[in-house]
Amino acid sequence: MILGQPLAQWRAQYPLLDELIALRETSWFNPAVAPAAEALADVGLSAADVADARARLERFAPYLARVFPQTAASGGIIESDVVPLPQMQALLREEADDEIGALWLKRDSHLPISGSIKARGGIYEVLKHAEDLALAAGLLGRDDDYACLDSDAMRAFFSGYQVAVGSTGNLGLSIGIISARLGFQATVHMSADARQWKKDKLRAHGVTVVEYASDYSVAVEQGRRQAEADPRCHFVDDENSRHLFLGYAVAGERLRQQLAAANVVVDAEHPLFVYLPCGVGGGPGGVAFGLKLAFGDAVHCLFAEPTHSPCMLLGVHTGRHEELAVQDFGIDNRTAADGLAVGRPSGFVGRAMQRLIDGYYTVSDEQMFRYLALMEQTEGQRLEPSALAGMPGVLRVLGERQGYRQRMGLTPQRMARATHLVWATGGSMVPQAEMDGYLARGRKLLQGT
Ligand SMILES: *Cc1c(COP(=O)(O)O)cnc(C)c1O
């Protein structure tokens, strides 16, 4: 029985479940997608909230430029570049046997400080918390130069407070590094699948790492419990945090400016497709919210999940969101894709984005590794497995037979003028030996095909 209903009844009601349970790669195009002007209101956050987050990141820029020299070149703004992928574009065009338009990569894999998409939301939330505390204590004014936070006095102040988070790795890295740098006592509760190098890196930054033999949900629960027992402890709630979400959302307007600077046109006649790897949902959800604010109905967002962890697809498709975990259906939540090994989705994101996300699809680990090796061979880009989940999205859109393109007015002419953007969510900090192992696995799979 699952939520009081036998499995057979679930399967009869939702035939897609058969695909998920069999761990087959599958795609589902959302029949409930609605115009942005209407559906953005579902989120409960506004363009003004995103502008507020952007302004906060600008206030902190002088501090970040000072304490993280790798951000000095961008004036303390944590942002990644977008690059075209001509070779991969040619390969996918061949595979699609159709015009696909242009293929681009958003390199959050190379974001400074923590080398993943988590350098957006995770760092933003800790900065927001630090600002709130310092403002309330009268130690900081909004018009001050925030570089003043880099002082022994401020670190001593923050050391009276704790920051805790549960993580499969990358969120922990972002939260841990920025928290420790500000002076907070930081604790990261890590799930069993977290990589050793991430734990080592955090400990080297002075972060307390607590390890669990179980998966992400347990690590999160422990972190939450620690924080509840201590009023001076701030728990970063990956599943529900609006601050994390807003930190990610800032990416939308910045991408609009980057594409405009690269002379990439995005409008109804030139649609933009963005493929976002999804774990609990905050990262892709926040980014998609920002994209919808920036591009309106011209942008089409799709979420990509591992075949072994399709939690968001399961939650949105059934409308039961965080009430369901993939394990309820015997799906094991085991994948090499760090950050995507999440069995239960964020109910906040699933509901907020129910009418904003065009589609969801699953990708096998083997496919992620194949694309990992192909990306390195053709474009020289080294990414971690999760970051490749977006790559087959183009083929899913072009191969769909669910009436999606017709419903959305995506004619062959418009598709031929489309821009497809794969959001590369991590990779630049993976140690060489680990990356060599990823590449070897991917190359072996390529030879086998
Ligand atoms: C966390 C993460 C994601 C997905 O973000 P969620 O907020 O968990 O959905 C994707 N890729 C990588 C590499 C990540 O670390």
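A polar contact is a pair of N or O atoms within 3.5 Å, where within protein one atom must be able to donate a hydrogen and the other to accept it, and residues adjacent in sequence count only if both atoms are side-chain atoms. Between domain 1 and domain 2 of this predicted model, the count is 12 residue pairs in polar contact, both residues being at pLDDT 80 or more. Local features need pLDDT of at least 70 and side-chain atom pairs count only at pLDDT 80 or more, whereas totals for chains, interfaces and linings use all residues. Residues are numbered from 1 along each chain as its sequence is written, and side-chain values use heavy atoms, with hydrogens and water left out.

The domain assignment, automatic or from a database, places 7–114 + 245–447 in domain 1 and 118–240 in domain 2. The C-alpha centres of the two domains lie 25 Å apart, and their contact (heavy atoms within 4.5 Å) takes 42 residues from domain 1 and 33 residues from domain 2.

Together the domains bury about 3600 Å², 58% of it on carbon and sulfur atoms, buried area being the accessible area (1.4 Å probe) that two parts lose on being put together, summed over both. Of the area that domain 1 buries against domain 2, Arg59, Phe60 and Tyr63 supply 19%, more than any other three residues.

Seven salt bridges (a side-chain nitrogen of Lys or Arg within 4 Å of a carboxyl oxygen of Asp or Glu) are found across the interface of domain 1 and domain 2. Aspartate 338 and arginine 195 form a salt bridge in which the closest N and O atoms are 2.6 Å apart.
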